[in-house]
Amino acid sequence: MLVLDLGGTVAFAASGSLLAARRGFDFVGSLLLGSLAGMGGGTVRDIILGKAPPTSFERLEYLAAAVFAALLVYVKVLKVHRLRRTLLISDAVGLALFCVSGTLIAHNAGANPVAAALLGLTTAVGGGVLRDVVANEVPQIFSVRGVYAIPAFVGAGITIGLVYLDMFNAYTAVGTAALVFVFRVAALKWQWTVPAAVYRPKKTRT
Amino acid sequence: MLVLDLGGTVAFAASGSLLAARRGFDFVGSLLLGSLAGMGGGTVRDIILGKAPPTSFERLEYLAAAVFAALLVYVKVLKVHRLRRTLLISDAVGLALFCVSGTLIAHNAGANPVAAALLGLTTAVGGGVLRDVVANEVPQIFSVRGVYAIPAFVGAGITIGLVYLDMFNAYTAVGTAALVFVFRVAALKWQWTVPAAVYRPKKTRT
Amino acid sequence: MLVLDLGGTVAFAASGSLLAARRGFDFVGSLLLGSLAGMGGGTVRDIILGKAPPTSFERLEYLAAAVFAALLVYVKVLKVHRLRRTLLISDAVGLALFCVSGTLIAHNAGANPVAAALLGLTTAVGGGVLRDVVANEVPQIFSVRGVYAIPAFVGAGITIGLVYLDMFNAYTAVGTAALVFVFRVAALKWQWTVPAAVYRPKKTRT
């Protein structure tokens with residue numbers, strides 16, 4: 001489980017560092033935005049669960065993961081010449097891993113099934129929202145091109161279902177994350193959309 | 001009291017969903033922005049009070065209120081063709097209800113009078129600020145046209161006064177909320193202003 | 001220690017009120033943005049430490065400090081005609097004082113050395129980030145002209161070092177804060193920069 005959670009941290013931290021690169025921020029900004037993206041969702045979840053201090057401040061692995069991601073971006077291991085795309089992919093990896101690990105952590109902390117799924121969703125989308133808000137951008141979660149929150153919520157729901165069916169293990173966890181990732185990437189590729197906030201009947205010609 | 005609090009949640013959630021509609025977000029964005037507006041202020045208050053998990057994550061009524069508001073906006077029960085105005089009104093309703101319920105909840109949790117009033121203010125304005133910040137807008141609270149925070153603070157002050165005078169009941173609670181709502185709407189209608197952040201002597205002609 | 005912390009609150013609150021002045025917000029906006037800047041970093045630190053309610057909501061001195069700063073800006077004791085510069089200076093004072101007081105408070109609350117330094121950094125930069133995010137600006141911390149987070153982190157590191165060497169007292173505390181302030185102002189004056197988020201080899205002519 002720690003592996004999933006740290007993997008998600010690296011992936012989200014990379015998305016933060018890539019955004020910093022796109023915006024022309026310096027290396028410290030890259031580190032800060034990466035840390036916020038990578039550890040923000042989990043920190044908000046722990047605060048809501050009343051866990052003080054949050055795991056991300058208690059264990060150094062999370063900070064190390066953020067530093068590692070910032071260095072990956074700095075030395076261009078992550079394809080910086082295709083910034084936007086790499087950012088979306090690493091964001092999708094983080095989303096997939098965090099909706100599983102966040103839900104499980106909330107469940108283990110005693111949250112009821114609905115709260116656990118909501119906290120899994122919060123963990124998965126929280127870091128990305130904080131990243132975008134602090135960088136003064138409209139959060140990716142509100143982008144109408146490509147479904148974002150739904151895959152994470154589905155993943156959180158499957159996780160809580162697996163837990164209650166006593167079928168949650170390393171394989172089903174990775175499988176759920178993979179499903180969420182494929183769902184998100186497919187939604188990006190084919191630009192799946194959900195209905196608008198207001199019902200608009202399709203225009204009909206006469 | 002729960003009725004006031006849920007009413008405030010619906011009103012603020014509607015303001016969030018209406019903002020999502022104005023910005024062209026999709027239905028999921030509407031649900032998320034509505035939930036943030038409706039439950040954000042109370043969640044921040046509960047976190048500051050050290051109540052974990054916050055009520056909004058523990059009781060499903062709050063989430064249901066946000067879903068209900070998003071559906072209201074979707075089926076255009078709320079006048080979407082006058083988006084800006086409907087948004088301001090539902091925001092004012094939420095402000096009026098939350099400054100009363102937030103102050104009482106903080107008082108019941110053992111906060112001293114000043115802290116209770118401040119937390120009532122935080123509950124009332126927190127959701128709206130989160131809504132605007134996440135949607136990448138300048139928060140309505142900073143708009144110079146129309147007084148926003150003062151009615152909420154006055155309402156929180158009256159509430160704490162009523163509690164200490166042992167005169168707080170369903171009637172005075174609704175009366176206080178009504179007063180705050182009228183104050184806010186009047187301030188909007190006649191564009192009341194408060195002095196600017198820097199003293200500027202009125203220009204005099206010679 | 002309370003003196004350092006209140007001094008930092010006044011300085012950051014002044015930076016918030018000055019930003020409100022620059023943006024043309026009204027006096028209530030000045031008070032709110034000042035309170036957020038002055039008390040935001042410490043409130044986030046206390047929430048992460050699990051201290052409820054946060055000191056800023058418990059003690060009235062902090063609120064009084066924010067009101068005092070807003071009044072200073074209102075009556076133009078702070079040079080409003082050189083807004084940008086005065087804002088940067090008061091921000092630097094807050095940064096210097098909070099990285100020392102925040103680290104010490106986190107240490108006294110039982111945080112391990114690394115967490116204490118990170119929380120000192122959070123206290124120092126948190127209020128400024130909240131101020132800029134809520135005012136819908138790109139946070140100063142991401143500005144590539146002038147080093148911002150590094151002086152605060154160095155100050156937090158020195159503070160935790162002094163505490164472990166049993167050499168922390170009023171003199172060394174003020175000395176550390178002064179060092180951070182000079183470091184930050186020098187970085188602003190000579191526009192020191194750190195490497196960009198992505199490694200870019202220097203262009204060479206042929």
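The model is predicted: local features need pLDDT of at least 70, side-chain atom pairs count only at pLDDT 80 or more, and totals for chains, interfaces and linings use all residues. Residues are numbered from 1 along each chain as its sequence is written, chains are lettered from A in the order in which they are written, and side-chain values use heavy atoms, without hydrogens and water.

**Exercise 1.** Determine which rotation superposes chain A on chain C.

*Solution.* Superposition is by least squares on the C-alpha atoms of residues with pLDDT of at least 70 in both copies. A rotation of 120 degrees, with 0.0 Å of shift along its axis, places chain A on chain C at RMSD 0.0 Å. That is the relation of a three-fold axis. Only 10% of the interface residues of chain A are also interface residues in chain C, so the copies meet through different surfaces.

**Exercise 2.** Characterise the interface of chain A and chain B.

*Solution.* Step one is contact (heavy atoms within 4.5 Å): 28 residues of chain A touch 29 residues of chain B.

Step two is buried area (accessible area, 1.4 Å probe, lost on being put together, summed over both parts). The two chains bury about 2,400 Å², 74% of it on carbon and sulfur atoms.

Step three is salt bridges (side-chain nitrogen of Lys or Arg within 4 Å of a carboxyl oxygen of Asp or Glu); the count between chain A and chain B is 0.
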